[in-house]
Amino acid sequence: MAQIESPEPTHAGAPRRRILVAGASGYIGRHVVTELAARGHEVVGLVRTPLATPERSGTDGPSPTPELRRCDPADPVSLDRDGFRGEAFDAVVSCIASRTGGIRDAELVDHRCNSNLLAAADRTGAGRFVLLSAICVQHPMLAFQRAKLAFEAELERSGLPWSIVRPTAFFKSLAGQVPRIKAGKPFLIFGPGDGPACKPIAEADLAGFIADRVERRAPDNRILPVGGPGPAMTPRQRGELLFELAGRPAKFRRLPLAIFGAAEAIFGTAARWLPKLEDKAEFARIGRYYATEPMLVRNPETGEYDDGSTPEYGTRTLRDFYRRVLVDGLDGQALGDQALFRAVPPARADRTDRAD
Ligand SMILES: NC(=O)c1ccc[n+]([C@@H]2O[C@H](COP(=O)([O-])OP(=O)(O)OC[C@H]3O[C@@H](n4cnc5c(N)ncnc54)[C@H](OP(=O)(O)O)[C@@H]3O)[C@@H](O)[C@H]2O)c1
């Protein structure tokens with residue numbers, strides 16, 4: 001089983017750094033801000049909507065309150081004037097991402113906003129750039145994956161020290177069927193077989209992994225796929241786990257993949273006359289992709305996905321997460337355990353769930 005290489009001590013004893021986190025209002029961005037602040041770093045978070053002053057973290061000791069700056073990463077002037085303000089940061093971490101995966105939005109956010117951020121980081125002499133990407137870009141078939149790859153290539157060429165973090169599925173993205181199970185309904189599986197496997201990672205563990213990238217003395221300058229602890233799980237195995245924890249006999253319903261193909265064909269055809277429907281066809285493609293492609297490291301020669309080559313990080317398990325959300329529900333889950341940003345509205349419900 002592959003382990004993340006960690007030759008240098010991080011966290012305890014790491015020097016205090018000044019870090020700018022873009023996408024600080026996002027699900028992972030908030031966890032990253034919380035984690036870095038809890039490790040004693042000075043954090044500036046970029047947000048695009050006004051927020052109330054964040055609360056102090058509950059941790060004892062020198063955990064500085066993050067500063068939030070409002071700016072628009074799509075606008076280089078706003079980024080310089082309101083975001084960076086001419087200051088050099090030890091690291092810039094980007095957790096920005098299209099909330100929908102729509103074609104134009106992905107290009108704007110996953111590519112262009114990140115390019116603007118990189119240019120501002122470069123102009124101000126940032127020490128390194130850490131990008132939150134996604135493991136699915138290994139086998140790109142979707143607009144947001146191509147947009148992410150275009151930016152990854154820019155970052156690698158930029159001359160700035162870099163880390164590209166490509167996580168597998170987040171826990172929250174695998175919780176969509178919890179309310180169904182609680183309501184006594186069957187777990188849905190798309191297509192034949194047990195469905196594509198992934199090695200889910202807790203948001204707080206992913207934030208820890210990203211914070212390690214910032215604290216390492218030598219920058220990674222490499223792409224880092226990462227999953228959570230334990231073996232990969234298929235949708236059927238996740239369903240079985242949910243039923244076991246709910247104390248009910250497992251029930252499954254199989255849905256044909258043709259659902260996605262039909263939606264893609266209908267919206268794809270209609271988009272020739274009504275271009276705004278092209279995103280609907282893209283959402284069907286996203287649905288089919290996640291119903292068929294494993295979220296594990298892929299061998300580019302054979303096209304095989306491999307659990308054993310997918311690095312593991314962290315300690316939190318999907319079992320514990322499911323146990324908790326079966327009892328407490330999903331409300332507030334987006335804020336994590338030590339929410340600093342109680343004033344931030346939860347992630348919009350209209351986003352495309354890109355991992356389950
Ligand atoms: N879900 C999974 O299982 C999974 C697995 C692997 C990788 N990933 C990747 O992880 C990344 C982050 O995921 P997440 O769940 O943390 O995302 P998220 O909650 O949707 O957060 C996205 C962030 O980007 C910002 N943003 C969106 N559109 C913007 C725009 N037009 N201009 C400026 N900022 C904009 C958002 O700001 P606002 O709050 O203002 O909208 C928010 O801060 C994505 O790249 C995703 O592909 C996800």
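Leu 224 lies in strand β8, which spans residues 222-226. The model described here is a predicted one. Leu 224 has 20 C-beta neighbours inside 10 Å and is therefore classed as buried, the threshold for that class being 20 or more. When neighbours within four places in sequence are set aside, the contacts of Leu 224 are with Ser 163, Ile 164, Val 165 and Arg 166.

The residues of α4 that are buried are Ala 143, Phe 144, Gln 145, Ala 147, Lys 148, Phe 151, Glu 152 and Leu 155. Helix α4 comprises 15 residues, and the distance from its first C-alpha to its last is 22 Å, close to the 21 Å expected at 1.5 Å a residue. After the helix comes Gly 159, which has a positive phi, near 90°.

Two packed helices are described by the angle between their axes and the distance between the axes. For α3 (residues 103-123) and α4 (residues 143-157), the angle is about 15° and the axes are 8 Å apart. The two helices are therefore roughly parallel to each other, since angles under 35 degrees fall in that category. The crossing of α3 past α4 is right-handed. On the α3 side, the contact is formed by Ile 103, Ala 106, Glu 107, Asp 110, His 111, Asn 114, Ser 115 and Leu 118. On the α4 side, Ala 143, Phe 144, Ala 147, Lys 148, Ala 150, Phe 151, Glu 154 and Leu 155 take part. Sorted by class, the contact contains nine nonpolar, three polar and four charged residues.

For the chain as a whole, 10 helices and 11 strands were assigned. Of its 356 residues, 42% are buried. Among contacts between residues at least 6 apart in sequence, 78% join residues at least 24 apart.

Key:
Residues numbered from 1 in each chain as written. Predicted model: local features only at pLDDT ≥ 70, side-chain atom pairs only at ≥ 80, totals over all residues. Axes fitted to C-alpha atoms, helices over the stretch in contact; angles between N-to-C directions. Helix = DSSP H or I, 4+ residues; strand = E, 2+ residues; numbered from the N terminus. Parallel < 35°, antiparallel > 145°, perpendicular 65-115°, else oblique. Left-handed = near helix turned anticlockwise from the far one by under 90°. Contact = placed C-beta atoms within 7 Å. Nonpolar A, V, L, I, M, F, W, Y, C, P; charged D, E, K, R; others polar. Expected span 1.5 Å × (residues − 1). Buried ≥ 20, exposed ≤ 12 C-beta atoms within 10 Å, placed from the backbone.
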